Amino acid sequence: QVKLEESGGGLVQPGGSLTLSCQASGFTFRDNTMYWYRQAPGKPRELVATILSAGISTSYADSVEGRFTISRDNDKNTVFLRMNNIVPDDAAVYYCNVLLGFHRKDYWGQGTQVVVSS
């Protein structure tokens, strides 16, 4: 059974930092690309960051480029999202995601909420 469990969200001031974690199980983590998405109230879900299986290649949404860093620990089946210089527009529920199988089925965690407030 595929399971993705996000953690690390919370209340942060503008300019602050957070590190989100996603613990994965039920599939061969090291073989798969992992994604972080976010969804703010009233907005569509947005792809924030991508990391390929070996962890060498990453990509980011323009809105977070230079501020967020995605990384992974393939021994611990965990993907991280380091968020620096947080701005109010970063407030959202953050989800990790993986696509598995021939049909590229979507799997999602329950999300972790980031609230930005001074």
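Visitor: What share of the contacts with a separation of 6 or more in the protein chain comes from residues 24 or more positions apart?

Guide: This is a predicted model, where local features need pLDDT of at least 70 and side-chain atom pairs pLDDT 80 or more, while totals for chains, interfaces and linings use all residues. Residues are numbered from 1 along each chain as its sequence is written, and side-chain values use heavy atoms, without hydrogens and water. Among contacts (heavy atoms within 4.5 Å) with a separation of 6 or more in the protein chain, residues 24 or more positions apart supply 52%.

Visitor: How many strands does the protein chain have?

Guide: Helices (H or I, at least four residues) and strands (E, at least two) are DSSP runs, numbered from the N terminus. The protein chain has zero helices, and its strands number eleven.

Visitor: Which residue forms a salt bridge with Asp75?

Guide: A salt bridge needs a side-chain nitrogen of Lys or Arg within 4 Å of a carboxyl oxygen of Asp or Glu. For Asp75, the closest N and O atoms are 3.2 Å apart, and the partner is Arg30. The pair links distant parts of the chain, 45 residues apart: Asp75 sits in the loop between β7 (68-73) and β8 (78-83), and the loop between β3 (18-25) and β4 (34-39) holds Arg30.

Visitor: Are Arg67 and Asp90 buried or exposed?

Guide: Buried means under 20% relative accessible area, exposed over 50%, partly exposed in between (1.4 Å probe, protein chains only). The side chains of Arg67 and Asp90 meet in a salt bridge at 2.7 Å, N to O. Both Arg67 and Asp90 are buried.
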